[in-house]
Amino acid sequence: MLDAHPAGIPRPTPPRTPEGPELMRAYIARHAPFFLLVVILATQFLLLAYQITQRHHARLIEVWAVDAFDPFERSLHGLGDVVSGAWGSLGELSSAQRENSRLRQELADARGQILQLSEAGVENKGLRSLLHLERQIPYRAVAATVIAASPGSSSSVFIDRGKTAGITVDLPVMTAAGIVGKTIAVFRHTAQVLILTDASSGVGAMLGKNGTQGVVKGHGRGLCYLDYVTNDEPVSKGDLVVTSGLDQIYPRGLLVGRVVSVARGEIYQKIQVKPAAHLDRLENVLVVFGSSPAHKNP
Amino acid sequence: MPKTADRIPASSRIHPAAFWISLFAGLLLQVTLPIEIPLARLFDFPLVLTLYYAMVRRDKIFGTLLGTGLGLAQDALARGLIGMFGIVDGLVGYLAAAASMKFELDQMGARYVVTGVLVSLHAPVLILVQHLLFESPPRFVLLDWVSGVIVNVALALICYPVLDRFRRAA
């Protein structure tokens, strides 16, 4: 066979085409951000699956995050009080300056005093009712202040008492008006309280009038449902719902709320319950130790 | 508008102190504000910050890592499982950065449109992840979704101009 290529002239090399591994490397390099996203999402899915199967309570990252933010939450809470106090004083001062006559100034002062007294009275009343409640219930309890809400979709709050006050998980939390929820995570100086309207909350409860048992479950929108009450049980609007004590967390007989609507279901009635405690404006709460009266200190 | 070959959107940098302070302040406000203002429960500061920084930096890896980091911090501060917000915020960060590379987002209006679209996507994706993982996931409530989108776009309207003050060309 004849070689058509002239002798002495180097044969031109064909352009080099990238091979399989190089192509793959180039492809991965070009789509690196997407692959990183996939890896990160997959890792977190595995982490979630692990948590769901293991049901861990307080994880290290939670402890770190809460400990890091705790001092700032407390400071901000305190700062808020100082600023609102200063703002109030400034308002009073500017209004006093506007008053020209002595009588009007006295009137403004008197109004300011009345306001302060009424605010102090409201706070005093709240604290007195808590103190009264603490003495009334046959369990040891510790008072706490709500310092922060939980971010995200869950209904929970942080209180300013934690391990150092002897708080553990699964302790009932209440106000004078009724139960609030239970502790679900405890840190050194703070604890997280799951509000009873949270979708994952459940409280062993019964109707105050006849002792019909059920479970109060959160609805996530400020209301709860009393589940597992059959259609033949007499339930009417306005009935009181109290804790049954069967869940081993909440002591028997604490007020949960009041029935606001009743509808028949397939087997169980659909009973909507409005919590007795003002859950959207929580300030001072009591953490109750144990569901057995033996826990009460002498 | 879509980018052209001769016009690639330029990324910007934010002053490092402003960046870290804004992230910290966002997380802090997320946990403290709802105590004073019940409506603030609808705010999602970490989401708004993720969207802003991802769009400004125009870097998919940065957007993904920032969204994931803020989401994990949000998960750690909430009662929720670790990774729930991490997944959704990471995805949203990636998409915001991708949108900023594809479109010219220097105009405020375009930025708010992308913000609105991605904020609208956030809740359904979160619900989807919960459906994939839980036996009885929470229901999708349309009213909550709509109010969440409106409130967070309004939050972006306030936050973006403030954060823009600390922006400089890369």
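A:Val215 lies in strand β7 of chain A, where helices (H or I, at least four residues) and strands (E, at least two) are DSSP runs numbered from the N terminus. The model is predicted: local features need pLDDT of at least 70, side-chain atom pairs count only at pLDDT 80 or more, and totals for chains, interfaces and linings use all residues. Residues are numbered from 1 along each chain as its sequence is written, while chains are lettered from A and ligands numbered from 1 in the order in which they are written.

- A:Val215 counts as partly exposed because it has 18 C-beta neighbours inside 10 Å; a residue is buried if 20 or more other C-beta atoms lie within 10 Å of its own, exposed if 12 or fewer, and partly exposed in between, with C-beta atoms placed from the backbone.
- Leaving aside neighbours within four places in sequence, A:Val215 is in contact with A:Gly202, A:Val203, A:Gly204, A:Ala205, A:Asp227 and A:Tyr228; contact requires C-beta atoms, placed from the backbone, to lie within 7 Å.
- The C-alpha atoms of A:Val215 and A:Tyr228 are separated by 6.6 Å, and the two residues are 13 residues apart along the chain.
- Strand β6 (residues 202-207) of chain A pairs with strand β7 (residues 213-218) of chain A in the antiparallel sense over 5 bridges; strands pair if DSSP finds at least two bridges between them.
- Within β7(A), A:Val215 stands opposite A:Gly204.
- The hairpin of β6(A) and β7(A) has 5 residues between the strands, and in it A:Gly211 takes a positive phi near 75°.
- β6(A) also runs antiparallel to strand β9 (residues 240-243) of chain A, joined by 3 bridges, and A:Met206 stands opposite A:Val242 in β9(A).

**Interface of chains A and B**

- In this interface, 36 residues of chain A are in contact with 32 residues of chain B.
- On the side of chain A that touches chain B, two or more residues each come from α2 (32-54), α3 (60-98), β1 (141-149) and β5 (191-195) of chain A; α2(A) gives the largest share, 11 residues.
- By class, this side of chain A has 22 nonpolar, 10 polar and 4 charged residues, with Ala, Val, Leu, Ile, Met, Phe, Trp, Tyr, Cys and Pro counted as nonpolar, Asp, Glu, Lys and Arg as charged, and the others, Gly among them, as polar.

**Chain B overall**

- Chain B has 6 helices and 2 strands, in the order β-α-α-α-α-α-α-β from the N terminus on.
- Of its 170 residues, 44% count as buried.
- Among contacts in chain B between residues at least 6 apart in sequence, 68% join residues at least 24 apart.

**Helices of chain B**

- Just after α2(B), B:Arg58 takes a positive phi of about 55°.
- The buried residues of α6(B) are B:Gly148, B:Asn152 and B:Ala156; they pack against α2 (45-57) and α5 (108-133) of chain B.
- α5(B) and α6(B) pack at an angle of about 145° with their axes 9 Å apart; axes are lines fitted to C-alpha atoms, for helices over the stretch in contact, and angles run from 0 to 180 degrees between N-to-C directions.
- By class, the contact of α5(B) with α6(B) has 9 nonpolar, 5 polar and 1 charged residues.

Terms used
Contact = placed C-beta atoms within 7 Å.
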